[in-house]
Amino acid sequence: MTSATRQPETPAAIRPPRLIATDLDGTLLRDDGQVSPRTVAALAAAEDAGIEVFFVTGRPARWMDAVSDHVHGHGLAICGNGAAVVDLHGGPGAHRFVKVRELARENALDAVRLLREAAPGTMYAVEQTYGFHQEPEYPKMHMEIPDSLAPAEELLAPDGPGAREPVLKILAYHRTLDPDAFLTLAREAIGARASVTRSSPSALLEIAGPGISKASTLALCCAERGIAPEEVVAFGDMPNDVEMLTWAGRSYAMGNAHPDVVAAASGQTVANNEDGVAVVIEKLVAERV
């Protein structure tokens, strides 16, 4: 009798892992947004075994409360799809930005203009280090009150709201387009002016500075620690994880992953609701004993 649940595939060993890089939503977190007891134990076991754990997410820093208790010694997380490295040691509301890779306002304005032309009806929001601003028509998807409401062109103007704060990314939403088709269209329209990806099941795109991704910022953090790609194990489930999974020496797509993620990863584990990250970490730790 064959199990209906696909078990983790283990690629050929490269080097003992020194760092685990994991996405959060749809990957480490269950669908209820919680870290399961099994996963909490696996993360602690990895740290005890000398394997650093980095959370690498599209979330802004202010949404990191769900995992701030599990960052262990280094206390760092990569947020905004690589736009920021954040020290979470201070706890909710007291995080510190260690590295900021901003989206230049002129690039952001170009992206807004080009995507408006390619996909009429696109609505925008602007993520900054601490602020969040949106167009009046942008849907209330995240149950938070924006700091200001105005057209994107005004939000991104040199004298606009939050003008002294770096822009980390802009969010682009379309009510009717297919999510993958919207991503392809946006990448073609915007070109090299910005990096475009998505992590939502809806037609919501995340637009950051040129060359900025989870992978590029993770590579910087690893280089600072003398960690090679072959010593990294990565986990993800959506298109914003593809570059990271391709870069890492070993990588796992979740059982619930987007097809592009499955194609990019070197292995696959079970779904997030089945603790797929913990399943692999437990095996990695056991191999080091």
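Author: Here is a close look at one helix, followed by a tour of some other parts. Keep in mind that this is a predicted model.

Let's start with helix 5, which covers residues 179-190. Next, look at which of its residues are hidden. Pro-179, Phe-182, Leu-183, Ala-186 and Ile-190 are buried in helix 5. If you look down the axis of helix 5, these buried residues fall within an arc of 100°, so they line one face of the helix. There's a handy rule behind patterns like that: an α-helix has 3.6 residues a turn, so residues three or four places apart point the same way.

What do the buried residues of helix 5 pack against? Their partners are helix 3 (105-118), strand 9 (167-173), strand 10 (195-197) and strand 11 (204-208). The two ends of the helix deserve a glance too. At the start of helix 5, Asp-178 brings a side-chain oxygen to within 3.1 Å of the backbone nitrogen of Asp-180. After helix 5 comes Gly-191, with a positive phi near 60°.

Now hop over to helix 6, residues 214-224, for a second example. Its buried residues are Lys-214, Ala-215, Thr-217, Leu-218, Cys-221 and Cys-222. Around the axis they cover an arc of only 165°, which puts them on the same side of helix 6. The buried residues of helix 6 pack against strand 1 (19-22), strand 2, strand 3, strand 4, strand 12 and helix 7 (242-247). At the start of helix 6, a side-chain oxygen of Ser-213 gets to within 3.2 Å of the backbone nitrogen of Ala-215. Just after helix 6, Gly-226 has a positive phi of about 70°.

In soluble globular proteins, nonpolar side chains tend to be buried together. Here the largest nonpolar core has 32 residues, and those with the most contacts inside it are Ile-20, Phe-55, Met-64, Val-67 and Ile-281. Elements giving two or more residues to this core include helix 1 (24-28), helix 2 (37-48), strand 2 (52-56) and helix 9 (276-288). Helix 9 provides the largest share of this core, 6 residues. Zoom in on Met-64: leaving aside neighbours within four places in sequence, Met-64 is in contact with Leu-24, Phe-55, Thr-57, Arg-59, Ala-77, Cys-79 and Leu-88. Apart from this core lies another one, of 24 residues, with Leu-115, Ala-172, Ala-203 and Leu-205 among them.

Aromatic rings are next, and the count comes to 2 aromatic pairs. In one of them, Phe-97 and Tyr-130 have ring centres 5.1 Å apart and planes at 85°, so the pair is edge-to-face. Phe-97 sits in strand 5 (residues 96-100) and Tyr-130 in the loop between strand 6 (123-128) and strand 7 (132-134), so the pair ties together parts 33 residues apart in sequence. Phe-97 is buried, with a relative accessible area of 17%, whereas Tyr-130 is partly exposed at 49%. Then there's Phe-235 with Tyr-252: the ring centres are 5.4 Å apart and the planes are at 20°, so this pair is stacked. Phe-235 belongs to strand 12 and Tyr-252 to strand 13 (residues 250-253), so the pair ties together parts 17 residues apart in sequence. Both Phe-235 and Tyr-252 are buried.

Let's finish with two serines. Ser-148 is found in strand 8 (residues 148-149), and at 16% relative accessibility Ser-148 counts as buried. Its side chain is joined to that of His-133 by a polar contact of 2.5 Å. Not counting residues up to four places away in sequence, Ser-148 touches Phe-132, His-133, Gln-134, Leu-155 and Pro-161. Ser-36 sits in the loop between helix 1 and helix 2, and is buried with a relative accessible area of 5%. A polar contact of 3.0 Å joins the side chains of Ser-36 and Thr-39. Beyond its neighbours within four places in sequence, Ser-36 is in contact with Arg-30 and Asp-275.

Note on methods. Residues numbered from 1 in each chain as written. Predicted model: local features only at pLDDT ≥ 70, side-chain atom pairs only at ≥ 80, totals over all residues. Heavy atoms only, no water. Helix = DSSP H or I, 4+ residues; strand = E, 2+ residues; numbered from the N terminus. Expected span 1.5 Å × (residues − 1). Buried < 20%, exposed > 50% of the residue type's maximum accessible area, 1.4 Å probe, protein only. Arc of directions from axis to C-beta. Contact = heavy atoms within 4.5 Å. Polar contact = N/O pair within 3.5 Å; in protein donor to acceptor, adjacent residues only side chain to side chain. Core = buried A, V, L, I, M, F, W, Y, C linked by side-chain atoms within 4.5 Å. Phe/Tyr/Trp six-rings, centres within 6.5 Å; stacked < 30°, edge-to-face > 60°.
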